[in-house]
Amino acid sequence: MKVIFIFIDGFGLGIKDARINPMYSGKLPNIHKILNKYIVIPTDACLGVEGLPQSATGQTTIFTGTNASLVLGRHLHGQPTVTLKELLYKSSIFKILKENGIKAMNANVYRDQYLMQIHNPQNRKLRPSASTIACMAAEMIFRTVEDLKLGKGIYHDIVNRILIESGYDVQPREPETAAQILVNISRDYDFTFFEYFMTDIAGHKQDREKSEEVLGILDRFLGKLDTLIDYRDTLLFITSDHGNIEDLSVKTHTFNKVPTILHGENADILAQGITSLIDIHPAILKAFGLN
């Protein structure tokens with residue numbers, strides 16, 4: 001049993017209105033195929049707490065199975081606080097999988113400078129995200145730009161544009177090539193994670209052209225991934241922490257439910273009981289017979 005887990009930041013289920021939702025103004029045949037043909041669970045990101053869902057608490061909830069918003073008494077944007085870090089170090093999905101002999105890997109590439117700075121407790125500018133802390137809790141090895149050059153990692157924008165614009169000597173990458181790399185990585189692991197947060201960035205900017213562009217990259221990536229996965233022994237698991245890009249009429253996050261998408265081995269069984277972000281963590285454990 002293998003799981004490929006795709007986390008898409010700021011990816012909600014909005015109304016089918018092309019005037020505000022780039023999901024319906026852009027050409028996204030693969031995303032719509034996945035949404036129409038696979039198991040899609042509208043998943044609550046509000047978690048019974050007033051206010052707009054936010055990244056730090058939403059992601060901590062996904063990676064720990066604990067209602068982080070309820071623990072804090074509020075939704076928290078940005079990076080986790082000490083309290084959320086404690087939750088992640090205690091119950092990180094990566095940590096629990098490792099402790100049970102399940103091989104897990106984060107396919108995202110990190111810059112060397114960033115890796116040095118996030119380990120510096122005095123640095124307040126580049127504090128690690130919930131997903132990064134969840135991996136740190138498991139003492140996972142992070143993939144670097146050198147790994148990317150060797151075809152052994154994927155940058156968070158999929159196509160390497162940000163690295164190139166930042167002066168790194170790397171080549172542009174097609175989304176389809178990135179999908180092949182992710183599948184190649186997954187062959188050596190039981191649980192393979194990839195995070196894409198360009199959707200959240202574009203949504204905050206309320207930039208339709210940019211939103212359609214980042215969704216288009218994601219569409220090509222997921223479309224190729226779908227053709228490469230052997231669903232006889234692999235589960236594709238996709239979710240998000242809150243809505244955003246699906247409603248460009250506002251620059252904030254939304255109250256919309258997010259899609260939890262499952263396809264492949266035991267998808268119908270694992271989908272049972274998922275209603276909110278709290279349920280993602282136990283579903284993953286269940287996939288490996290740990291729950």
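Biologist: Where is glutamine 59 placed?

Modeller: Glutamine 59 sits in helix H2. Keep in mind that this is a predicted model.

Biologist: Why is glutamine 59 called buried?

Modeller: Its relative accessibility is 4%. Buried means under 20%. The value falls under that cut-off, so glutamine 59 counts as buried.

Biologist: What makes the pair of glutamine 59 and aspartate 9 a polar contact?

Modeller: The two side chains come to 3.4 Å. The limit for such a pair of N or O atoms is within 3.5 Å, so the pair qualifies. Aspartate 9 is also one of the residues in contact with glutamine 59, leaving aside neighbours within four places in sequence. The others include Phe7, Glu195 and Asp241.

Biologist: Where does helix H2 pack?

Modeller: Helix H2 (residues 55–64) packs on the sheet and touches E1, E6 and E7. Its direction makes about 170 degrees with that of E1.

Biologist: What is the strand order in the open sheet?

Modeller: The order is E2-E8-E7-E1-E6-E3. There are six strands, with mixed pairing.

Biologist: Why do strand E2 and strand E3 stand at the edges?

Modeller: Each has a single partner strand, so one side of each lacks a neighbour in the sheet. The twist from one strand to the next averages 15 degrees.

Biologist: How do you know that E2 and E8 pair?

Modeller: Five bridges link them, in the antiparallel sense. Pairing needs at least two bridges, so E2 and E8 pair. Within this pair, isoleucine 41 stands opposite threonine 260 in E8.

Biologist: Why is E7 called largely enclosed?

Modeller: Six of its six residues are buried, so the rest of the structure largely encloses E7. Thr234, Leu236 and Ile238 point one way, while Leu235, Phe237 and Thr239 point the other way. In a regular strand, side chains alternate between the two faces of the sheet.

Biologist: How do you know that the length of helix H12 agrees with its residue count?

Modeller: H12 has 21 residues, 208–228. At 1.5 Å a residue, the span should be 30 Å. The end C-alpha atoms are 30 Å apart, so the two agree.

Biologist: What covers the buried residues of H12?

Modeller: The cover includes strand E1, helix H1, helix H10, strand E6, helix H11 and strand E7. Among the buried residues are Val214, Leu218, Asp219 and Phe221. At the start of H12, a side-chain oxygen of aspartate 207 comes within 3.1 Å of the backbone nitrogen of glutamate 209.

Biologist: Isoleucine 185 lies in helix H10. Is it buried or exposed?

Modeller: Isoleucine 185 is buried, because its relative accessibility of 6% is under 20%. Not counting residues up to four places away in sequence, isoleucine 185 touches Met105, Ala107, Arg143, Lys152, Gly153 and Thr192. Isoleucine 185 and aspartate 219 lie 34 residues apart in sequence and 20 Å apart in space, C-alpha to C-alpha.

Biologist: Why are cysteine 46 and cysteine 135 called buried?

Modeller: Cysteine 46 has a relative accessible area of 16%, which is under 20%, so it is buried. Cysteine 135 is at 0%, so it counts as buried too.

Conventions: Residues numbered from 1 in each chain as written. Predicted model: local features only at pLDDT ≥ 70, side-chain atom pairs only at ≥ 80, totals over all residues. Heavy atoms only, no water. Helix = DSSP H or I, 4+ residues; strand = E, 2+ residues; numbered from the N terminus. Expected span 1.5 Å × (residues − 1). Buried < 20%, exposed > 50% of the residue type's maximum accessible area, 1.4 Å probe, protein only. Contact = heavy atoms within 4.5 Å. Polar contact = N/O pair within 3.5 Å; in protein donor to acceptor, adjacent residues only side chain to side chain. Axes fitted to C-alpha atoms, helices over the stretch in contact; angles between N-to-C directions.
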